[in-house]
Amino acid sequence: KTEFEAGSLAVAADGGFHWTHPDDKETPAEPPIIGEYDGVVKFVSDVFDYAIITSEALLEQGHQEAFVKKKKVTRLGADVGSNVRFDAYLNKRGVPQVKNLSSREGPSPSSEVAG
């Protein structure tokens with residue numbers, strides 16, 4: 001088997017060749033979802049490309065508030081105080097990140113009345 005057939009020699013975007021290690025992974029594994037949560041948009045940065053969503057359930061599990069790209073919040077038509085539902089996963093530093101963000105109708109979790 002040649003190096004090209006074995007996958008250890010690859011063609012670069014510029015047409016040149018480069019060697020790849022056989023243990024190199026093609027695509028990184030997607031981080032596992034830790035759960036589905038209801039939350040409230042707490043902060044949307046005017047300067048940076050992020051927003052923060054707070055969720056009582058996420059905090060009760062010992063995690064901090066979740067980060068999400070600002071454009072995902074604005075595309076949803078959400079703003080500070082908006083009720084949302086999302087899946088969360090942990091990044092390499094163990095910080096919750098938002099995935100599958102959607103709008104949620106009804107009162108915010110902090111204003112729900114037990115009864």
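User: Where does Asp49 lie?
Analyst: Asp49 lies in the loop between β3 and β4. Strands (E, at least two residues) and helices (H or I, at least four) are DSSP runs, numbered from the N terminus. This is a predicted model, in which local features need pLDDT of at least 70 and side-chain atom pairs count only at pLDDT 80 or more, while totals for chains, interfaces and linings use all residues. Residues are numbered from 1 along each chain as its sequence is written, and side-chain values use heavy atoms, with hydrogens and water left out.

User: What does Asp49 touch, sequence neighbours aside?
Analyst: Not counting residues up to four places away in sequence, Asp49 touches Val68, Lys69, Lys70 and Lys71. Contact means heavy atoms within 4.5 Å.

User: Switching to Ser55. Where is that?
Analyst: Ser55 is in the loop between β4 (50-54) and α2 (56-60). Ser55 is buried, at a relative accessible area of 1%.

User: Which backbone oxygen does the Ser55 side chain reach?
Analyst: That of Asp38, at 2.9 Å. A polar contact is a pair of N or O atoms within 3.5 Å; within protein, one must be able to donate a hydrogen and the other to accept it, and residues adjacent in sequence count only if both atoms are side-chain atoms. Beyond four places in sequence, Ser55 touches Tyr37, Asp38, Gly39 and Phe86.

User: How many aromatic pairs are there?
Analyst: Rings of Phe, Tyr and Trp (its six-membered ring) pair if their centres lie within 6.5 Å; planes under 30 degrees apart count as stacked, over 60 as edge-to-face and the rest as tilted. By this rule there are four aromatic pairs. In Phe43 and Tyr50, the ring centres are 5.9 Å apart and the planes are at 45 degrees, so this pair is tilted.

User: Which residues do the ring pairs link into a cluster?
Analyst: Phe43, Phe48, Tyr50 and Phe67. Phe43 is partly exposed at 36% relative accessible area. Tyr50 is partly exposed too, at 28%.

User: Now the largest nonpolar core. Which residues touch the most other members?
Analyst: Val41, Ile53, Val68, Val73, Phe86, Val98 and Leu101, out of 15 residues in that core. β3 (33-44), β4, β5 (66-69), β6 (83-90) and β7 (96-103) each supply at least two of its residues. A nonpolar core is a set of buried Ala, Val, Leu, Ile, Met, Phe, Trp, Tyr and Cys residues joined through side-chain atoms within 4.5 Å.

User: And what is Ile53 in contact with?
Analyst: Leaving aside neighbours within four places, the contacts of Ile53 include Gly39, Val41, Ala66, Val68, Phe86, Val98 and Leu101.

User: What about the phi of Asn100?
Analyst: Positive, about 60 degrees, although Asn100 is not a glycine. Asn100 is in strand β7.

User: How many helices and strands in the chain?
Analyst: Three helices and seven strands. Along the sequence the pattern is α-β-β-β-β-α-β-α-β-β.

User: What is the mean pLDDT?
Analyst: The mean is 80, and 67% of residues reach 70 or more. pLDDT is the predictor's confidence in each residue, from 0 to 100. Over residues 108-115 pLDDT stays under 50.

Notes
Buried < 20%, exposed > 50% of the residue type's maximum accessible area, 1.4 Å probe, protein only.
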